Amino acid sequence: MQKNALADQKINNDVYSSSIIGIENIFSNYLIFKLNRPKNFDFNSGQYIPFLMYDNDGEFQFNYSIASSSTNRDSIELCIQSNGNGRGIKFWKNLQIGDNVLYKEAKGDFKIIDPNCLNVFIAGGSGISPIRSLLFEIF
């Protein structure tokens, strides 16, 4: 990835670019990636982002759930499982702070319908990401 050439902006009608501002290793097999949030990038807690990635085999796209609150206008956080040998995790493991990532508009409609009702959340592994985002929203 090229550093800061297209950082933190909407490149065209479909693609955004953000620089990585933090990488935190949590537990032994999960990483929290913190990205600068472009001013014109909107999302609702519980949504996911289609990321545009590439490797030696070419371009590919994977979806990652947003793990931060939509009210945080400065950054976007992703919780990514770091074990395994898939294309997606290999892509993320090669990134460093200052590198740029490309992605499309947020998608999905996982949400809390009535925050005044009792809500029970159960998740395993990186499936906690959209729930984490929703919990930031209501607490």
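This is a predicted model: local features need pLDDT of at least 70, side-chain atom pairs count only at pLDDT 80 or more; totals for chains, interfaces and linings use all residues.
Trainee: Is serine 82 buried or exposed?
Mentor: First find the spot: serine 82 sits in the loop between β6 (75–81) and α1 (87–93). Its relative accessible area is 9%, and anything under 20% counts as buried. So serine 82 is buried.

Trainee: Which backbone atom does the side chain of serine 82 reach at 3.4 Å?
Mentor: Look at what serine 82 touches beyond four places away in sequence: among them are Ser28, Asn29, Tyr30 and Leu31. One of these supplies the atom you want, and at 3.4 Å it's the backbone nitrogen of tyrosine 30.

Trainee: How many salt bridges does a search of the whole structure find?
Mentor: Aspartate 42 pairs with arginine 73, their closest N and O atoms being 3.2 Å apart. Aspartate 55 and arginine 87 also meet, at 2.8 Å from N to O. For the whole structure, the search gives two.

Trainee: How many residues apart in sequence are the parts that aspartate 55 and arginine 87 tie together?
Mentor: These two side chains form a salt bridge. Aspartate 55 is in strand β4 and arginine 87 in helix α1, so the pair links parts whose separation in sequence is 32 residues.

How values were computed: Residues are numbered from 1 along each chain as its sequence is written. Side-chain values use heavy atoms; hydrogens and water are left out. Helices (H or I, at least four residues) and strands (E, at least two) are DSSP runs, numbered from the N terminus. Buried means under 20% relative accessible area, exposed over 50%, partly exposed in between (1.4 Å probe, protein chains only). A polar contact is a pair of N or O atoms within 3.5 Å; within protein, one must be able to donate a hydrogen and the other to accept it, and residues adjacent in sequence count only if both atoms are side-chain atoms. Contact means heavy atoms within 4.5 Å. A salt bridge is a side-chain nitrogen of Lys or Arg within 4 Å of a carboxyl oxygen of Asp or Glu.
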